[in-house]
Amino acid sequence: MAAARNVVIGEGYRVLRDEESGNGKVKEGEVSPTAKRFKSERFPLTRWEFAAFLGVFLLFVAGLFCIYLTMPPADYGKLKLPRTISDLRLLKDNLATYAKDYPAQFILGYCSTYIFMQTFMIPGTIFMSLLAGALFGVVRGLFLVVFNATIGASSCFFLSKLIGRPLVSWLWPDKLRFFQAEIAKRREKLLNYMLFLRITPTLPNLFINLASPIVDIPFHIFFSATLIGLIPASFITVRAGLALGDLKSVKDLYDFKTLSVLFLIGSIIIFPTLLKRKRMYE
């Protein structure tokens, strides 16, 4: 199965090289539709694929808008997605009373916003995780972050399954081939490997969400690895939200000590896979 996928992922690039080198079936002096697409178009999605993405996006926006309409009035002029720690402190101060007065409505709005951002790969979810720690504490904050991140990643998984193949092949062709090769080698212990990837910053979570359906990772393994594997990093982020005043930058969250702990946890999880491979070669 892995070999067949390699053919599919690299098909467009291989056809282009064959046609340009004269090995294809295109007559001399003619430009094939495939070559024309890769030469003239920067954006890889077809009109149908883009229309499908736009339809899903508008559906999510409509749902988000309906949720906001049901929420109690607030001073929306002071509410914006934070981009710095300073923005986050201001947002936390503005939302603290609102979250206390209307806890159920606020959690609904928070969850829908987080899932929306995670589904459509909008930067800033790390600030949402810090905000959860600042407003709800470690236990409730961790539960909310892991729940929202898992649901959002799952939505991104299915969105990529629908239209993601040309986009991922266009953005990260080398990384996708590497990922596919690693998955093919670890099919029997795939959950361990996916947990390792989720716990450690070996590959960006954005890439994992988009590439997983393309390399045929079963959804139940993707879901389980996401749900469990995000807990350590989420705990670190949520706990840091309790002390926003001491936090100067997002980079302070993941210092050498923190990264070492994450890699240690990930190494313990992936050890059975490495041990089995060693026995196979002996």
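Q: How many aromatic pairs does the predicted model have by the ring-centre rule?

A: The model is predicted, and the count comes to 21 aromatic pairs. A pair needs ring centres within 6.5 Å.

Q: Why is the pair of F57 and F120 called edge-to-face?

A: The ring centres of F57 and F120 are 5.1 Å apart, and the limit for a pair is 6.5 Å. Their planes stand at 85°, and edge-to-face applies over 60 degrees. The pair is therefore edge-to-face.

Q: What makes this pair a tie between separate parts of the sequence?

A: F57 belongs to helix α4 (residues 47–69), while F120 sits in the loop between α6 (103–119) and α7 (125–171). The two parts are 63 residues apart in sequence, so the pair ties them together.

Q: Why is the pair of F116 and F120 called tilted?

A: The centres of the F116 and F120 rings lie 5.3 Å apart, with the planes at 55°. Stacked needs under 30 degrees and edge-to-face over 60, and the rest count as tilted. The angle of 55° falls in that remainder, so the pair is tilted. Both F116 and F120 are buried.

Q: Which residues form one aromatic cluster?

A: The cluster consists of Y98, Y102, F106, Y110, Y114 and F136.

Q: What secondary structure does the protein have?

A: There are 13 helices and zero strands.

Q: Why is N209 called buried, and what does its side chain meet?

A: N209, in helix α10 (residues 205–211), has a relative accessible area of 3%. The cut-off is under 20%, so N209 is buried. A polar contact of 2.6 Å links the side chains of N209 and R198, and the limit for such a contact is 3.5 Å. Beyond neighbours within four places in sequence, the contacts of N209 include Q118, C156, F157 and F222.

Q: What makes helix α9 largely enclosed?

A: Helix α9 (residues 190–199) has 10 residues, and nine of them are buried, so the rest of the structure largely encloses it. Among the buried residues are L190, Y193, R198 and I199.

Q: Which residues touch the most other members of the largest nonpolar core?

A: They are F106, Y110, L130 and L131, in a core of 28 residues. Helices α5 (85–101), α6, α7 and α12 (231–240) each supply at least two residues of this core. The largest share, 10 residues, comes from α7. A second, separate core of 25 residues includes L190, Y193, L195 and I217.

Q: What is L130 in contact with, leaving aside neighbours within four places in sequence?

A: Its contacts include I85, L88, T237 and L253.

Q: Why do T237 and V238 both count as buried?

A: T237 has a relative accessible area of 4% and V238 has 0%. Buried means under 20%, so T237 and V238 both count as buried.

Q: How many of the protein's contacts join residues at least 24 apart?

A: The share is 77%, among contacts between residues at least 6 apart in sequence.

Q: How much of the protein counts as buried, and what supplies its exposed area?

A: Of the 282 residues, 40% count as buried. The protein exposes about 16,000 Å², and carbon and sulfur atoms supply 64% of that area.

Note on methods
Residues are numbered from 1 along each chain as its sequence is written. This is a predicted model: local features need pLDDT of at least 70, side-chain atom pairs count only at pLDDT 80 or more; totals for chains, interfaces and linings use all residues. Side-chain values use heavy atoms; hydrogens and water are left out. Rings of Phe, Tyr and Trp (its six-membered ring) pair if their centres lie within 6.5 Å; planes under 30 degrees apart count as stacked, over 60 as edge-to-face and the rest as tilted. Helices (H or I, at least four residues) and strands (E, at least two) are DSSP runs, numbered from the N terminus. Buried means under 20% relative accessible area, exposed over 50%, partly exposed in between (1.4 Å probe, protein chains only). Contact means heavy atoms within 4.5 Å. Accessible areas come from the Shrake-Rupley method with a 1.4 Å probe; for residues, only the protein chains shown count as cover. A polar contact is a pair of N or O atoms within 3.5 Å; within protein, one must be able to donate a hydrogen and the other to accept it, and residues adjacent in sequence count only if both atoms are side-chain atoms. A nonpolar core is a set of buried Ala, Val, Leu, Ile, Met, Phe, Trp, Tyr and Cys residues joined through side-chain atoms within 4.5 Å.
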